[in-house]
Amino acid sequence: MNRKKFLASAGTMAAGFWIVPRHVLGGRGFIAPSDKVNVAGVGVGGMGFSNMKNLGEYANITALCDVDTKYASKCFNTFPKAKTFVDYREMLDKFKGSIDAVVVATPDNTHAVIALDSMKLGKHVYVQKPLTHDIYEARILNQAATKYKVVTQMGNQGHSSNSNIELAEWMDAGVIGTVDKVECWTDRPIWPQGLPYPKEEAPLPEGLTKEGWDLWLGPAQYHPFHPAIYHFKWRGWWPFGTGALGDMACHIIDPAFRALKLGYPTSVEAFSSTFYESDFKAASTPDSCPAASKLVFEFPERNGLPATKLIWTDGGIKFDRPEGLKEDDALGWDGGGVVLHGSKGKAMTGCYGHNTTLVPFEKMKDFKKPLATYPRIPKEDHGGHEQNWIEAIRQNNPALASCPFSYASPLTETILLGNIALRAAKLKGGNKKLLWDGPNMRITNFEPANQFVKREYRAGWSLDI
Ligand SMILES: NC(=O)c1ccc[n+]([C@@H]2O[C@H](COP(=O)([O-])OP(=O)(O)OC[C@H]3O[C@@H](n4cnc5c(N)ncnc54)[C@H](O)[C@@H]3O)[C@@H](O)[C@H]2O)c1
């Protein structure tokens, strides 16, 4: 029996390791080390370290890869049995026979190439949000998941939270009627955006080699190293990150995207802050994401649901307080909020889909929640999202994953379309409502915007499925 089949039978036998009696498996939740999924982590200095800790008990952390050995040292030291690498390609080559699955938690720019290389070897993948840096990459990863029959999960852990799932049940049950407007806000960016790109080159920090920097850049065009674009701060620069929208919308738009079955939008319009380099002189900073933005997405009628407008704001701008929400009531939670305007009422949820409620809050007093129709994920978004992926691998059942690429790709593509609009608006003639042909991945009324659908990879990098 090969390892994939063995894991599947072990998983089926365990019928979910959460419920097997102690005497059968040696304790509630116990899995013999030999039955555990062997996982490799790529990019483990930041969020990847949290992912590894959430998996630690349920998986063998077999190999770890990070281009910055100093930044990743905490993770390396936490899992001393794992073999460590700088180059993920070398790791995949050496460990292809012994790892089952790969977690990708590098900056957005390199998600697609690392995930695809892993899937091509038959490895299951957990890829941090946003799934990819650009729309074309997301489409390819979704196709690859089907082609290579692997279990996939995007790392928007809130998707596994009960409160997020409940919102979908409320909408299915028509609790607030049909929804034609959704408003979303985030408190991001909490990192620098709206700056001129650093001109000078800086020395490489301790722990990062020239080869490591080249891998950090991955398919992005060559840029010399500078600390202003490095750890965490890469978010604010288009060549590597996806700005406030890309960073947070997979958490914040997600509950509405699922509950309203939104699918591809048909248009998007962007509004963003201007930055100045001197008196009355607006700066041209094409590589920098804006300090604040507003986006308006339009979704068409779909299966009896009305056309829906979704409005996104970031950088300190919020939408109007909805009627019925008192002056001291929170307009969302955890640094973000979503209000759904229905024909029979309003619902609100926080970042990650937390604390779903009716508005005004008093309506919750006599509210009877509709029947639970969607499966719940044990431990919700407190490690449950990663562990749900492992359980789907053990049962060799991609459909068991909470947020597989078949859902994560259209969600990410929609969000990244907002970034196309933000960038296109800075081009001559692009400051308008852009019309989107989702199935064919094309802006139909402003050709130059299509350059942002699929970026040009640096020589040596490709996305051949
Ligand atoms: N789900 C969440 O709540 C959540 C929270 C934070 C970050 N994230 C996501 O996780 C990803 C990483 O974000 P972060 O804040 O941890 O960034 P970070 O810059 O702090 O960490 C990224 C890590 O990847 C390493 N790395 C970069 N390129 C690499 C490569 N080619 N090969 C191997 N290692 C490489 C870096 O050295 C670093 O250790 C992003 O996609 C981000 O959106 C998700």
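Predicted model: local features only at pLDDT ≥ 70, side-chain atom pairs only at ≥ 80, totals over all residues.
With that, helix α6, residues 111-120, lies across β1, β4 and β5, and runs at about 165° to β5. Helix α3, residues 47-55, lies across β1, β2, β4 and β5, and its direction is about 170° to β1.

Now the sheet itself. It is open and has six strands, in the order β3-β2-β1-β4-β5-β6, with parallel pairing. At the edges are β3, 83-85, and β6, 152-154, each of which pairs on one side only. On average, neighbouring strands are turned by 20° against each other, direction ignored.

Strand β1, residues 37-42, runs parallel to strand β4, residues 101-104, and four bridges join them. If you want a specific place to look, V42 has V104 in β4 as its bridge partner.

Next, a helix pair. The axes of α7, residues 135-148, and α13, residues 405-424, come within 9 Å and cross at roughly 175°. Angles over 145 degrees count as roughly antiparallel, so α7 is roughly antiparallel to α13.

Which residues make the contact? From α7, they are I135, A138, R139, L141, N142 and A145. On the α13 side, they are F405, S406, S409, T412, E413, L416 and L417. By type, the residues of this contact divide into seven nonpolar, four polar and two charged.

How values were computed. Residues numbered from 1 in each chain as written. Axes fitted to C-alpha atoms, helices over the stretch in contact; angles between N-to-C directions. Helix = DSSP H or I, 4+ residues; strand = E, 2+ residues; numbered from the N terminus. Parallel < 35°, antiparallel > 145°, perpendicular 65-115°, else oblique. Contact = placed C-beta atoms within 7 Å. Nonpolar A, V, L, I, M, F, W, Y, C, P; charged D, E, K, R; others polar. Pairing = 2+ DSSP bridges.
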